[in-house]
Amino acid sequence: MLKFSAALPANIAAESIRMRRRKLQAHAMQVLPPLLGVLLFLLAWQMLAGFRSDLPGPGATWDAALTLFADPFYENGPNDMGIGWNVLHSLARVGLGFGMAAVVGIPLGFIVGRSAFISGMLSPIMGLLRPVSPLAWLPIGLLVFQKAEPASIWVIFISSIWPMILNTAAGVRQVPQDYLNVARVLNLSEWKVLTTILFPAVLPYLLTGVRLAIGVAWLVIVAAEMLTGGTGLGFWVWDEWNNLNVAHILIAIFVVGLIGLLLEQTLVLLARRFEY
Amino acid sequence: MSLSKKFVEISDVGMTFETAKGSFTALKNINLTIEQGEFITLIGHSGCGKSTLLNLIAGLTLPSTGHLICAGREIAGPGPDRGVVFQNHSLLPWLTCYANVYLAVERVFSASESKAQLKARTDAALALVSLSHAAQKRPNEISGGMKQRVGIARALAMEPRVLLMDEPFGALDALTRAHLQDELLAIVAKTQSTVVMVTHDVDEAVLLSDRIVMLSNGPAAVIGDILTVDLPRPRERLALAENPAYHQLRSSVLEFLYQKEKRPAA
């Protein structure tokens, strides 16, 4: 008995060390794989740059990025602006086109979800138009608006509206009958049903639509700006290609990826806030 | 039975559903009169149409034939005079328990009462089911039994003429169920509510009811028998266990369910 109780503290200490080690291991397993992946990627890039002298390696790109980001908001005429301005211009276009798509698409999604008749009316049109590459809409935009700026916003609008309509409508269709029975038993007004039952029930689906839409919009803006020119990240990529400044193109790719990731993550966080 | 006491009248009610496979008759020739303050349970094998009958009284579905009258008026749709406690509680998950109950209170009383009065009603309803402490919790933060109590509070807060309960305790474990049955007995004794409850639990039916309405097996279920439970109130679960009358009633329900209306081999 005595021996046992004497051994006990040592046991506890050993146990706690073992637990701490296990926790540390779990932590390492979380951090290690991404870190290794990035390292391997950089290594492959460096090797590739070694074979091709016209492709800048990670080091050279990093140096170029440092000079570029040292002065992100300079303005030397309309076709030579700092990276900050280009990013802001692209974001503004996405925000506008995407915002208008939300204003039109979300209420339309509610209507399509609520009314089988309207859903039936719109489904052949949506089925036909949804698979069309967003850039195919650019000439139509240019024709109608006669200007590059609204045309690129139009492209964002048309490409991000589909996921918002479809996901909102799917959400409305999946509101549990139980909740609607509650509304009927309590005899709630249409407005009350919309605000206290339909909207909260649909919100997670709606946010999924918004997340998909912003992903598409951000994909499309770079391509649209390459064609329309003027300002924006897409224009800048094309401009630097004409200048044969490959380091800047690589930087642009990272910036586009990073901002896309941030937009997506923000919406994922927002969506998590509304999970019940 | 005096005329004024007839509170819910179901006359010659039949219910036929049109399905993809043709029409399906769930209920036929249902006649039942419920008095004010009476506690009725509907019992029968699953699929016999007892929930359909409850939905008809609730007005969630309208009968194919016959009439239903509640407090002198034909039932043409759902309304706050008939509070419903759903089988799966049906609380809105994005609202707190308080807000779930308040939604009902606001709908019924906001035209005639002040905000403070509405709040007092909501608090009182939650206190009635002993859940004042959980008022600010969301449904997913409380247990199944507590959710069902909020559902009861929501229905009672509307001061309905009839409380309709669709297997309210079916999804709960036996201990919680017994606890809530006792609580319901106390609440009904206090509020003098008229209650119609669907159940498949024989003990629950005998413990709670004034009359047990036994439905035959569907399709086209009819009222097979009505058993009057004349056990004195207040009823005590433990005392009843010793009471021969209780056992007699219990075995007549069992007899109906397992001999007369033997469940067809599933």
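## Chain A: two domains

The centres of domain 1 and domain 2 of chain A, taken over C-alpha atoms, are 39 Å apart. Keep in mind that this is a predicted model. As for the bounds, domain 1 of chain A covers 2–55, and domain 2 of chain A covers 68–273.

## Helix α9 of chain A

Now for one helix in chain A. Which residues of helix α9 (residues 233–242) of chain A are buried? They are A:Leu233, A:Gly234, A:Phe235, A:Trp236, A:Val237 and A:Asp239. As packing partners, these buried residues have α3 (83–114), α8 (190–228) and α10 (246–273) of chain A.

## Where the two chains meet

On to the contact between the chains. Chain A puts 13 residues into it, and chain B puts in 16. On the chain B side, helix α2 (residues 97–109) of chain B gives the largest share, with three residues. Sorted by class, the side of chain B that touches chain A comes out as 11 nonpolar, four polar and one charged residues.

## The sheet in chain B

Chain B has an open sheet of four strands, paired antiparallel, in the order β2-β1-β4-β5. Why do β2 (22–35) and β5 (73–74) of chain B each have one side without a neighbour in the sheet? Both stand at the edges with a single partner strand each, so one side of each is left without a neighbour there.

Further in, strand β1 (residues 6–19) of chain B runs antiparallel to strand β4 (residues 65–70) of chain B, and five bridges join the two. To pick out one pair across these strands, B:Glu9 sits opposite B:Ile69 in β4(B).

Domain 1 of chain B is made of two segments, 1–74 + 161–266, while domain 2 of chain B spans 82–159. Between their centres, taken over C-alpha atoms, lie 24 Å.

How many residues does each domain of chain B bring to the contact? Domain 1 of chain B supplies 21 residues, and domain 2 of chain B supplies 16. On the domain 1 side, the elements giving two or more residues are α1 (50–58), β7 (162–166) and α5 (174–191) of chain B. By class, that side of domain 1 of chain B holds 13 nonpolar residues, along with four polar and four charged.

Methods. Residues numbered from 1 in each chain as written. Chains lettered and ligands numbered in written order. Predicted model: local features only at pLDDT ≥ 70, side-chain atom pairs only at ≥ 80, totals over all residues. Domains from an automatic or database assignment. Buried ≥ 20, exposed ≤ 12 C-beta atoms within 10 Å, placed from the backbone. Contact = placed C-beta atoms within 7 Å. Nonpolar A, V, L, I, M, F, W, Y, C, P; charged D, E, K, R; others polar. Pairing = 2+ DSSP bridges.
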